[in-house]
Amino acid sequence: MAAQSATELLQGILDSNETYAAAFAQSDSALLKKLAVGQSPRIFWLGCSDSRVSAELSTGVAPGSIFVHRNIAQCFHKGDLSAAAALAYAVHVLKVDAIIVCGHTGCGGVKAGMQAAVDAAEKEAAGEQLEAPAPGSVAETISKWIAPIKSLASTHLPSCEAAHRSPLDALSLAELTDQHVRDTVASVAESDIVRAAWDEGREISVHGWVYHVATAKLRDLDCGWKGVGVRAESLSRPSTYADSEPRED
């Protein structure tokens, strides 16, 4: 059977949209009219661009409930105007009540950061120089983006070695993912954008979650903030990494 062409793929999506739009109009025409007027989401979601993780599908909420910004490995880099603008609009224009930084298992960006850290450590141990990617190349673009994750991963290499496991196994990458989400939550909470809202007396909280691809479960990392130096209430059930992964029967 011949592979589906891009044109056929896109045409299929438009055809599916016709079905979706008709069903939406029939089931909740009032919501469509409300959405046409404007949006009033209560949540800002900073998530990964990974195609397997949808903010709306994973939370089960209706359209209009979440304002979303996504990038590779849900980063909040200093100087990233796109992420900062989305956060500023959500916090100061839409007046959201909560911010969620959501990572996920099997994240390619996190794995790339760990792999880069491993490669650098091996080159250093062998007394070799790590060759920089060509300027303007795809490799350089990705390398710059994951640099903070690579730096974080480098601090995790000794603990993996002490535990006698590979830095690239599922548990090591899960631990790195969790820590990256925690660090991103801290960066968002320490941003001038969020601090300004707290200075105004706004009740807005920042939380860190992880989505488990194999089970579609969300896990709260209990690393949230609702003010300068003020921890947000725990949302844990409690839930651990093992609890959220498939059971081995």
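Is T177 buried or exposed in this predicted model?

**View 1. T177 in helix α7.** T177 sits in helix α7, residues 170–189 (helices are DSSP runs of H or I with at least four residues, strands runs of E with at least two, numbered from the N terminus). T177 counts as buried because its relative accessibility is 4% (buried is under 20% relative accessible area, exposed over 50%, partly exposed in between, with a 1.4 Å probe and protein chains only). Apart from neighbours within four places in sequence, T177 is in contact with H104 and V110 (contact is heavy atoms within 4.5 Å).

**View 2. L10 in helix α1.** L10 belongs to helix α1, residues 6–27. L10 counts as exposed because its relative accessibility is 52%. Together with L9 and I13, L10 makes a nonpolar surface patch of about 290 Å². Patch residues have over 30% relative accessible area and no salt bridge, with nonpolar side chains (Val, Leu, Ile, Met, Phe, Trp, Tyr) joined within 5 Å and like charges within 9 Å. A salt bridge is a side-chain nitrogen of Lys or Arg within 4 Å of a carboxyl oxygen of Asp or Glu.

**View 3. The setting of both views.** The protein has nine helices and seven strands. Of its 249 residues, 37% count as buried. Its C-alpha trace spans about 65 × 60 × 50 Å along the principal axes.

**Notes.** Residues are numbered from 1 along each chain as its sequence is written, and side-chain values use heavy atoms, leaving out hydrogens and water. In this predicted model, local features need pLDDT of at least 70 and side-chain atom pairs count only at pLDDT 80 or more, while totals for chains, interfaces and linings use all residues. Accessible areas come from the Shrake-Rupley method with a 1.4 Å probe; for residues, only the protein chains shown count as cover.
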